[in-house]
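Visitor: Please show me the model, and let us then go through its details by question and answer.

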Protein chains: 2
Amino acid sequence: MAEKWVLMVTAQTPTNIAVIKYWGKRDENLILPINDSISVTLDPQHLCTTTSVAVSPTFTHDRMWLNGKEISLSGGRYQNCLRELRARASDVEDEEKGIKITKKDWEKLHLHIASYNNFPTAAGLASSAAGFACLVFSLAKLMNVKEDHSKLSAIARQGSGSACRSLYGGFVKWIMGKEENGSDSIAVQLADEKHWDDLVIIIAVVSSRQKETSSTSGMRETVETSMLIEHRAKEVVPRRIIQMEKAIKDLDFPSFARLTCSDSNQFHAVCLDTSPPIFYMNDTSHRIISCVEKWNRFEGTPQVAYTFDAGPNAVLIARNRKAAALLLQRLLFYFPPQSDTDLNSYVIGDKSILQDAGVHNMKDIEALDSPPEIKDSTPMQKYKGDVSYFICTRPGRGPVLLTDETKALLNAETGLPK
Amino acid sequence: MAEKWVLMVTAQTPTNIAVIKYWGKRDENLILPINDSISVTLDPQHLCTTTSVAVSPTFTHDRMWLNGKEISLSGGRYQNCLRELRARASDVEDEEKGIKITKKDWEKLHLHIASYNNFPTAAGLASSAAGFACLVFSLAKLMNVKEDHSKLSAIARQGSGSACRSLYGGFVKWIMGKEENGSDSIAVQLADEKHWDDLVIIIAVVSSRQKETSSTSGMRETVETSMLIEHRAKEVVPRRIIQMEKAIKDLDFPSFARLTCSDSNQFHAVCLDTSPPIFYMNDTSHRIISCVEKWNRFEGTPQVAYTFDAGPNAVLIARNRKAAALLLQRLLFYFPPQSDTDLNSYVIGDKSILQDAGVHNMKDIEALDSPPEIKDSTPMQKYKGDVSYFICTRPGRGPVLLTDETKALLNAETGLPK
């Protein structure tokens with residue numbers, strides 16, 4: 001083992017947005033939830049984490065860099081994931097490079113990990129979900145862990161609960177499980193990303209001046225103090241899980257939208273029922289909801305579902321491209337960019353939705369008509385600057401290995417960040 | 001009955017703020033609630049309705065004026081109250097004026113009603129509670145209705161649910177009752193206004209650009225769509241009612257504050273769990289809550305309780321005058337008036353609290369130190385203009401007759417508004 005080789009794997013893992021929410025743990029250390037949850041995986045082209053993991057006999061200790069900055073791996077969540085993976089590592093042999101690592105070697109060998117989000121970490125877009133999923137997925141490949149994705153999801157879960165749902169594309173259920181050791185608290189795929197191809201997702205990244213309660217402490221406080229959370233977890237969610245699985249299976253958008261919106265609102269309701277109360281949505285979030293509710297009612301059937309995680313950002317799921325273009329028109333009408341903002345940086349991701357909406361420049365935004373559902377009523381106020389930017393995306397695939405070495409975040413010789 | 005006399009009564013009735021909330025009806029017409037509620041009656045010196053009611057053989061139909069403007073009495077709620085009162089009217093004799101009205105005459109005689117709020121009707125300060133309570137109280141006096149206040153409360157309840165609680169001063173419980181006809185859905189006094197003399201109440205009237213859902217339609221939608229409201233009404237509130245009665249009896253401010261804040265938050269939680277969701281609180285309401293929560297935590301024991309009705313206004317109950325002065329300093333620090341505002345119109349009601357806070361002019365507001373609980377943390381932002389004005393008040397008495405004729409709102413000869 002005195003050689004100087006570096007063995008490396010690079011992977012890309014999507015983030016996900018829950019449509020039936022996870023809020024509340026029954027085990028803080030193992031991260032076991034008090035109810036099942038269901039999520040949509042988001043297209044990694046627009047929102048993903050890329051992680052390179054490397055092993056070398058020259059590494060002196062485990063190290064990690066997140067978005068180029070070294071961070072500590074001493075936290076219990078990282079340690080739990082690393083311990084679980086090392087326990088499941090197998091022999092690895094690379095004849096070409098003359099590398100041979102036995103199962104036992106993994107206990108002594110050190111790792112370098114570099115991770116990068118292709119979206120702002122601070123934007124509250126579940127970066128930890130994609131991050132831990134990618135860490136576990138890439139290390140499992142490197143270490144030749146022979147477990148399937150569901151087993152890996154139980155490891156990723158110990159890094160960040162919702163990370164387990166990022167191990168699959170499409171629609172994913174996190175089963176809460178019953179075992180005390182968490183072995184059956186795993187993610188399973190309900191349908192892949194091709195199953196419901198029509199859906200288009202627009203994320204409104206909402207400007208916020210408030211410091212938000214972390215979801216870890218927030219959900220702990222809810223479980224400890226809310227008088228409604230138990231009823232939600234035991235009575236409401238189990239029924240919604242069944243209904244949501246059916247809605248996804250049947251491509252039943254009205255039911256999907258009704259369940260998604262109701263469950264997002266109920267999650268924020270139990271946050272408000274917490275002592276002291278937790279507010280994640282702000283006036284801008286409320287206005288986006290009102291805009292969607294008004295439009296859906298006007299159309300007679302839901303065009304768009306909304307869901308909000310532990311922050312003010314809206315994730316809007318449109319039934320198809322046409323609805324997405326009409327939604328984007330409404331969003332740009334109510335929330336035009338500041339005059340010094342470039343349209344190209346105000347709507348990012350899949351810009352073809354912007355084309356469909358007929359918006360090619362800032363003048364087109366100013367020229368947008370007020371939506372028909374508010375015609376004849378008092379002219380709606382506009383809220384310039386209340387949204388930072390929009391991301392257009394869609395349901396996407398699960399984790400993939402990146403074999404293109406130029407995508408690696410670590411140098412293949414040194415194992416240090418490029 | 002061909003005479004030209006006018007018989008008149010004038011009364012003043014307080015408004016009230018619920019500390020255990022009423023939200024949801026089991027009978028829409030009779031206005032029967034799905035849970036008990038408890039309120040504090042507010043000092044009528046600062047917030048009340050004055051109503052004059054008159055009867056004369058010359059009146060050709062029932063008429064009503066609210067704040068000087070004639071309004072229709074054809075609504076079911078007015079009709080229910082008038083019918084119930086006429087059915088209970090007794091003989092009235094005024095020997096001096098030579099007036100004699102028999103029980104039977106009331107069926108044919110017409111009424112004039114003039115009502116006036118000493119606070120802005122649109123400010124969302126439960127004007128309908130004081131209004132219907134005053135209507136019923138004054139008409140009962142005029143018509144010589146021999147029922148006690150509890151029986152009258154059951155009539156006022158049919159005008160506006162929370163009106164029944166305005167028939168008493170101090171602390172009042174509205175018992176939901178079990179009878180289908182609503183006869184046992186009445187208000188009872190838990191303690192009079194002298195029982196807990198220390199309390200001081202500051203109301204922050206919050207600027208709002210949103211049109212709010214009326215509480216009538218809001219609570220109907222909650223009952224129809226929330227998955228949490230039934231659990232709240234059947235499991236949570238009954239326990240809180242017992243605890244709140246004990247806290248009031250024992251003058252136990254920490255328990256009173258904890259229950260008041262939790263129940264306000266839970267009421268807004270079930271509003272959020274409604275489909276479509278109802279938002280009554282806005283970012284300013286949230287900031288007021290954060291300010292109070294932070295201060296209470298800093299002090300180690302609650303100094304102030306907050307509660308919000310169907311709108312963004314905060315009702316803040318301070319444990320005593322000292323806490324109220326410290327609260328007002330904080331409120332004026334975070335929410336200073338616009339520079340063109342007069343301090344005299346920015347803090348109204350009991351201005352002695354302003355003196356206690358050491359604030360005599362606008363310069364004193366600018367000179368306010370940031371509260372110690374936020375010292376050493378990032379300097380807190382100020383929100384100039386987000387509060388319209390503050391009202392300083394206290395728990396107050398129930399309805400009273402005004403015998404001073406100059407206070408009457410109707411002309412004693414013509415029975416028309418002065």
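Visitor: Is B:Arg165 buried or exposed?
Guide: In this predicted model, local features need pLDDT of at least 70, side-chain atom pairs count only at pLDDT 80 or more, and totals for chains, interfaces and linings use all residues. Residues are numbered from 1 along each chain as its sequence is written, chains are lettered from A and ligands numbered from 1 in the order in which they are written, and side-chain values use heavy atoms, with hydrogens and water left out. B:Arg165 belongs to the loop between helix 3 (149–156) and strand 12 (171–174) of chain B, where helices (H or I, at least four residues) and strands (E, at least two) are DSSP runs numbered from the N terminus. Its relative accessibility is 4%, and the classes are buried under 20% relative accessible area, exposed over 50% and partly exposed in between (1.4 Å probe, protein chains only), so B:Arg165 is buried.

Visitor: Which side chain does the side chain of B:Arg165 join in a polar contact of 3.2 Å?
Guide: Not counting residues up to four places away in sequence, B:Arg165 touches several residues, including B:Asn16, B:Tyr22, B:Ser39 and B:Trp174; contact means heavy atoms within 4.5 Å. A polar contact is a pair of N or O atoms within 3.5 Å; within protein, one must be able to donate a hydrogen and the other to accept it, and residues adjacent in sequence count only if both atoms are side-chain atoms. The partner of B:Arg165 at 3.2 Å is B:Ser39.

Visitor: With which side chain does B:Asp43 make a polar contact of 2.5 Å?
Guide: B:Asp43 sits in the loop between strand 5 (37–41) and strand 6 (48–56) of chain B and is buried at a relative accessible area of 10%. Its side chain reaches the backbone nitrogen of B:Gln45 at 2.9 Å. Beyond its neighbours within four places in sequence, B:Asp43 is in contact with B:Thr393, B:Arg394, B:Pro395 and B:Gly396. The side chain that B:Asp43 meets at 2.5 Å is that of B:Arg394.

Visitor: Which residues of chain A are linked with A:Asp43 in a network of salt bridges?
Guide: Side chains of opposite charge can pair when their charged atoms come close. A salt bridge is defined here as a side-chain nitrogen of Lys or Arg within 4 Å of a carboxyl oxygen of Asp or Glu, and the structure holds 36 of them over all chains. The residues linked with A:Asp43 in the network are A:Arg321, A:Asp350, A:Asp356 and A:Arg394.

Visitor: How many residues apart in sequence are the parts that A:Lys21 and A:Asp309 tie together?
Guide: The two side chains form a salt bridge of 2.6 Å, N to O. A:Lys21 lies in the loop between strand 2 (16–20) and strand 3 (25–27) of chain A, and A:Asp309 in the loop between strand 15 (304–307) and strand 16 (314–318) of chain A. A:Lys21 is buried at 2% relative accessibility, whereas A:Asp309 is partly exposed at 25%. The parts tied together by this pair are apart in sequence by 288 residues.

Visitor: Where does the partner of A:Glu147 in a salt bridge, A:Arg88, lie?
Guide: The closest N and O atoms of A:Glu147 and A:Arg88 are 2.9 Å apart. A:Glu147 is partly exposed, with a relative accessible area of 28%, and A:Arg88 is also partly exposed, at 30%. A:Glu147 is in the loop between helix 2 (127–142) and helix 3 (149–156) of chain A, while A:Arg88 lies in helix 1 (residues 76–88) of chain A.

Visitor: How much area do chain B and chain A bury between them?
Guide: The contact takes 30 residues from chain B and 31 residues from chain A. Buried area is the accessible area (1.4 Å probe) that two parts lose on being put together, summed over both. Of this area, 58% is on carbon and sulfur atoms, and the total is about 2,700 Å².

Visitor: How many salt bridges are there between chain B and chain A?
Guide: Five residue pairs, both at pLDDT 80 or more, are in polar contact between the chains. The elements giving two or more residues to the side of chain B that touches chain A are helix 5 (229–249), helix 6 (253–272) and helix 7 (283–299) of chain B. The count of salt bridges between chain B and chain A is zero.

Visitor: Which residue of chain B comes closest to the rotation axis?
Guide: Chain B can be laid on chain A by a turn of 180° and a shift of 0.0 Å along the axis, with an RMSD of 0.0 Å; the superposition is by least squares on the C-alpha atoms of residues with pLDDT of at least 70 in both copies. The two copies are therefore related as by a two-fold rotation axis. The same surface serves both copies, as 100% of the contact residues of chain B recur in chain A. At 2.1 Å from the axis (C-alpha), the closest residue of chain B is B:Ala269.
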